[in-house]
Amino acid sequence: MPSTDLAASTLPAAAQAIAAAAAAPGARVRRVPDGAEPLVRFVGVQKTYDGVQLVVRQLDLDIRRGEFLTLLGPSGSGKTTTLMMLAGFESPTAGEIVLDGKPITRTPPHKRNFGMVFQNYALFPHLTVGQNVAYPLTVRKAPKDEQAKRMARALDMVQLKGMAERYPAQLSGGQQQRVALARALVFEPQLVLMDEPLGALDKQLREHMQIELKELHRQLGVTFVYVTHDQSEALTMSDRVAVFNDGVVQQLDVVDRMYETPSNRFVAGFIGDSTMLHGTVRATDGERCGVVLADGRVLTGINVNHAAMGAAVQAGIRPERIVLHAHPPGERGNLLQARVSSALYFGDHLRLLCRVGNDPGAGQGDCTVKLPLSAPSVPAPGDTVWLEFPPDLTRVYA
């Protein structure tokens, strides 16, 4: 079987979405200028509910005007609390939230001019679709003719033209979510805040709505702040992602850099798949270091967290970046002999689980390798293979 270069052949679903978006005519991974004046600033914001445990710790976060920013993290990480403080439904214990240069920390929600979309839609069942969408304009005492025009425009924007007289119960889940989005956009807010708005939809509809939301954001240019625990959703839709854990932003970056260059072990594990091998730093050389594994073999990689000599570390790489060889490729570094434990079919790729080394007590688990369906041949369980870890793509985390 010939060598297979996975870096050029297969990507996980979320990374495929980024690549497809970049390759589409007239499209690219969107960059909001780094120097743009932020629309919102969190300055030293903290939040505790019991006076002891900080749910959000010392948050300093800038939200750029016109960007699609996703707050991503596991349950209890602080992402939803951050969104609720921005919306005004929760108050910071310490720190300040600034909008367009003016503090809004003590401004009530209805005076912040933000649109809000919830996971459960929060539609009024006794009002028609048109009345639901027009409700924010009614509260703001807009003239009736203006309400009608803007309501119709908002429904057209979310592809619900002609449904103004229906009631929420007569709509599908996806249509109800569109109504909630139209209601959030109808009064032309400065910010649209979304709290896991697609979580209740089935997979196919959720993926379709992701595309629609991203296109709507592109057309309107309104700032979107989106909360989710789904990393594929975050990578597919966002300009930038803030990864939360334990009340702290672990990394804030554009989506391709977030995937390719995670800043720490948590981000590497939470965003996409990673193969991780345990070891100890043996030598350092500028940005790189050598890691000796439990069985004595050595890998070289980028010393992400500047681990010192003797430090316990993990050497990680994306499974699609590992180069698989059926035979020893000659004098090459970062090469590990392994035995295939199993081969799994995932629809768009094959996934091999490989046992690194011959000693099961050496402390390493299975090493995951991803192969494209177009691979000329696939090793069978029990076969010996050689796994090449390109040093520039191998990242060492303290």
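This talk goes through a predicted model, from overall figures to one strand, one core and one threonine.

Overall figures to begin. The protein has 398 residues, and 50% of them count as buried. Its secondary structure comes to nine helices and 21 strands. If you take contacts between residues at least 6 apart in sequence, 69% of those join residues at least 24 apart. The accessible surface is about 18,000 Å², and carbon and sulfur atoms account for 52% of that.

Now to strand β4, residues 68-72. How many of its five residues are buried? Five of the five, so β4 is largely enclosed by the rest of the structure. In general, side chains in a regular strand alternate between the two faces of the sheet. Here both faces are covered: F68, T70 and L72 are buried on one side, and L69 and L71 are buried on the other.

Which strands pair with β4? One is β9, residues 223-228, and the pairing is parallel, over five bridges. Within that pairing, F68 has F224 as its bridge partner. Another is β10, residues 240-245, also running parallel to β4, with four bridges. On that side, L71 stands opposite A242.

F224 takes us to the next topic, the largest nonpolar core. That core has 36 residues, and the ones touching the most other members are V133, L155, L181, M194, L213 and F224. Several elements each supply at least two residues: the helices α3 (129-139), α4 (144-157), α5 (173-185) and α6 (203-220), and the strands β8 (191-195) and β9. The largest share comes from α5, with six residues.

Take L181 from that list. Leaving out residues up to four places away in sequence, L181 touches V117, V158, M194, L213 and L216. Two of these, M194 and L213, are themselves on the list of residues touching the most other core members.

Is T48 buried or exposed? Its relative accessible area is 14%, which is under the 20% cut-off, so T48 counts as buried. What lies close to the polar part of its side chain? A polar atom there is 3.0 Å from the backbone nitrogen of G51. The backbone oxygen of Q53 is 2.8 Å from a polar atom of the T48 side chain. Beyond its neighbours within four places in sequence, T48 is in contact with Q53, L54, V55 and T93. Q53 therefore turns up both in that contact list and in the backbone oxygen distance.

That is the end of the tour.

Technical notes
Residues numbered from 1 in each chain as written. Predicted model: local features only at pLDDT ≥ 70, side-chain atom pairs only at ≥ 80, totals over all residues. Heavy atoms only, no water. Buried < 20%, exposed > 50% of the residue type's maximum accessible area, 1.4 Å probe, protein only. Pairing = 2+ DSSP bridges. Core = buried A, V, L, I, M, F, W, Y, C linked by side-chain atoms within 4.5 Å. Contact = heavy atoms within 4.5 Å. Polar contact = N/O pair within 3.5 Å; in protein donor to acceptor, adjacent residues only side chain to side chain. Areas by Shrake-Rupley, 256 points an atom, 1.4 Å probe, with all protein chains shown as cover.
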